[in-house]
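User: I would like a close look at one part of this protein. Please keep it brisk.

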Amino acid sequence: MRIATWNVNSLKVRLPQVLDWIAKQHPDVLCLQETKLEDGKFPGEDVSRAGYRAIFSGQKTYNGVAILSREACSEVLTAVPHFEDGQKRVLAATVCGIRMICVYVPNGEHVESEKYRYKLEWLAALTAWLERELKHYPRLAVAGDFNIAPEARDVHDPKVWDGQVLFSAPERDAFRKLIALGLVDAFRLFDQPEKSFTWWDYRLNAFRRKMGLRIDHILLSPQLAALCSACAIDAAPRAAERPSDHAPVMADLAV
DNA sequence: ATGGTAGAAACTCTA
């Protein structure tokens, strides 16, 4: 079973690339972020023609998450329970016995921003919820855009990024708290190339200059981590015409 | 040198 995540930065614009990608990589489950679509505008028929089902929780202009899957989803949640949030950033579902949680963590803007405070509160609520969720679902995966580079090797220039949003100590500490729940960063289960990133700013030719960050992740419960045989970033879509600023990440599970 | 691009929307916000 292959699970994957991709921040598409507008599903309307990126739909052809998403359909190409699933035809090439055949994920069984694909978590999408930044769909930027109201639910009524979700391209359900295109997804269905490609052989996938879809669940989604979106809004106009910003945010929005979706899960495409070969098999049906059940036990769907569209928010972190007991956390007031007008922004559509979470989608949870059970598919093929796996609890899939698709997340679009707030960006935070900059460390002095109100949005940064919201990001840290959001992460605290997510962590508290996942602690409970892990007790119910031993086979659990959290996949999405975390907007956090966990370690220095996940940043093209750690000196430049030191203390900046996406790499600040409180954000990395929040990520470590997720890991402390027992979740495993699937990407680091395996040897990986140097300078492995998932996001490159549209500005300053960042992709060509290899100025990226690894901020999109697949976290696995211990039981799923034991069944994980591979995890990789596919940077090819980032080199395409009119790309998302993020690349997809995928993990293979012996399920 | 404090910039730049992209998307959605609408003369600006978010990333």
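How do the residues of the lining of the largest pocket divide into nonpolar, polar and charged?

Analyst: A caution to begin with: this is a predicted model. The lining of the largest pocket divides into ten nonpolar, seven polar and eight charged residues. In total, 25 residues line this pocket. Those nearest its centre are Tyr104, Asn107, Gly108, Glu109 and Asn147. Two elements give two or more residues each to the lining: α3, spanning 114–136, and α4, spanning 158–161. The volume of the largest pocket is about 610 Å³.

Now the second largest pocket. It holds about 230 Å³ of space. Its lining has 14 residues. Closest to the centre of this pocket are Lys195, Ser196, Phe197, Trp200 and Ala235. Its lining divides into eight nonpolar, two polar and four charged residues.

Gln17 sits in helix α1, which covers residues 11–25. Gln17 counts as buried because its relative accessibility is 18%, and the cut-off for buried is under 20%. The Gln17 side chain reaches the backbone oxygen of Arg242 at 2.8 Å. Leaving out residues up to four places away in sequence, Gln17 touches Trp6, Pro237, Ala240, Glu241, Arg242 and Pro243.

Key:
Residues are numbered from 1 along each chain as its sequence is written. Chains are lettered from A and ligands numbered from 1 in the order in which they are written. This is a predicted model: local features need pLDDT of at least 70, side-chain atom pairs count only at pLDDT 80 or more; totals for chains, interfaces and linings use all residues. Side-chain values use heavy atoms; hydrogens and water are left out. On a 1 Å grid over the protein atoms alone, a cavity is a set of points where a 1.4 Å probe fits but cannot get out, and a pocket is an open set with protein on both sides within 12 Å along at least five of seven lines; lining residues have an atom within 4 Å of a point. Grid points are joined across faces, edges and corners, and a volume is the space filled by probe spheres set on the points. Helices (H or I, at least four residues) and strands (E, at least two) are DSSP runs, numbered from the N terminus. Ala, Val, Leu, Ile, Met, Phe, Trp, Tyr, Cys and Pro count as nonpolar, Asp, Glu, Lys and Arg as charged, and the others, Gly among them, as polar. Buried means under 20% relative accessible area, exposed over 50%, partly exposed in between (1.4 Å probe, protein chains only). A polar contact is a pair of N or O atoms within 3.5 Å; within protein, one must be able to donate a hydrogen and the other to accept it, and residues adjacent in sequence count only if both atoms are side-chain atoms. Contact means heavy atoms within 4.5 Å.
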